[in-house]
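Open the model in your viewer and switch to a cartoon view.

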Amino acid sequence: KVWDAASLAELASVDLGLWFNFGVRSVALNSDGTKLVSGHYKGDVKVWDAATLTELASFNVGSRVSWVAFIGEGTKLASGDVNGGVNVWDAASFTELSSGNVDSQMGSMAFAGDG
């Protein structure tokens, strides 16, 4: 579910059965609420239109995804996998900008507001 931070009014809800069947392990919403990114058990990172839940892009990172996040004002998105792999994509063109490996698995990640 997605709530308004000020009023705590529910803004959107997704059928958890649908997401469970996709093996979703992590989700993140961009700062303007227009895109949602999900990380999946089978290594998929999917970008969705938050209003319609239409899939906009999909990548496979080759290992179970531990976390996904938008960076800064939502111009980039990132994922991390159970083997310590980290990937960063442009959130508009979905072009991979960088990839690498940190020496250990991370369960979550956060980025500064300015990216």
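A surface patch, as meant here, joins residues with over 30% relative accessible area and no salt bridge, and nonpolar side chains are linked within 5 Å. Keep in mind that this is a predicted model.

**Stop 1: the patch.** Select Val2, Leu11 and Leu29. Together they make a nonpolar surface patch of about 250 Å². Now pick Val2 alone. Val2 sits in strand S1, residues 2–3. Its relative accessibility is 32%, so Val2 counts as partly exposed.

**Stop 2: the sheet S3 to S6.** Select strands S3, S4, S5 and S6. They form an open sheet in the order S3-S4-S5-S6, paired antiparallel. Strand S3 (24–29) and strand S6 (55–60) are the edge strands, and each pairs on one side only. On average, neighbouring strands here are turned by 15° against each other, direction ignored. Zoom to strand S5, residues 44–49: S5 and S6 pair in the antiparallel sense over five bridges. Which residue in S6 is the bridge partner of Lys46? Select Ser58 to see that partner.

**Stop 3: the sheet S7 to S10.** Select strands S7, S8, S9 and S10. This open sheet of four strands has the order S7-S8-S9-S10, with antiparallel pairing. Strand S7 (65–71) and strand S10 (96–101) each have a single partner strand, so one side of each lacks a neighbour in the sheet. Neighbouring strands of this sheet are turned by 15° on average, direction ignored. Next, select strand S9, residues 85–90. Five bridges join S9 and S10 in the antiparallel sense.

Conventions
Residues are numbered from 1 along each chain as its sequence is written. This is a predicted model: local features need pLDDT of at least 70, side-chain atom pairs count only at pLDDT 80 or more; totals for chains, interfaces and linings use all residues. Side-chain values use heavy atoms; hydrogens and water are left out. Two strands pair if DSSP finds at least two bridges between them. Helices (H or I, at least four residues) and strands (E, at least two) are DSSP runs, numbered from the N terminus. Axes are lines fitted to C-alpha atoms, for helices over the stretch in contact, and angles run from 0 to 180 degrees between N-to-C directions. Patches are made of residues with over 30% relative accessible area and no salt bridge: like charges are joined within 9 Å, nonpolar side chains (Val, Leu, Ile, Met, Phe, Trp, Tyr) within 5 Å. Accessible areas come from the Shrake-Rupley method with a 1.4 Å probe; for residues, only the protein chains shown count as cover. A salt bridge is a side-chain nitrogen of Lys or Arg within 4 Å of a carboxyl oxygen of Asp or Glu. Buried means under 20% relative accessible area, exposed over 50%, partly exposed in between (1.4 Å probe, protein chains only).
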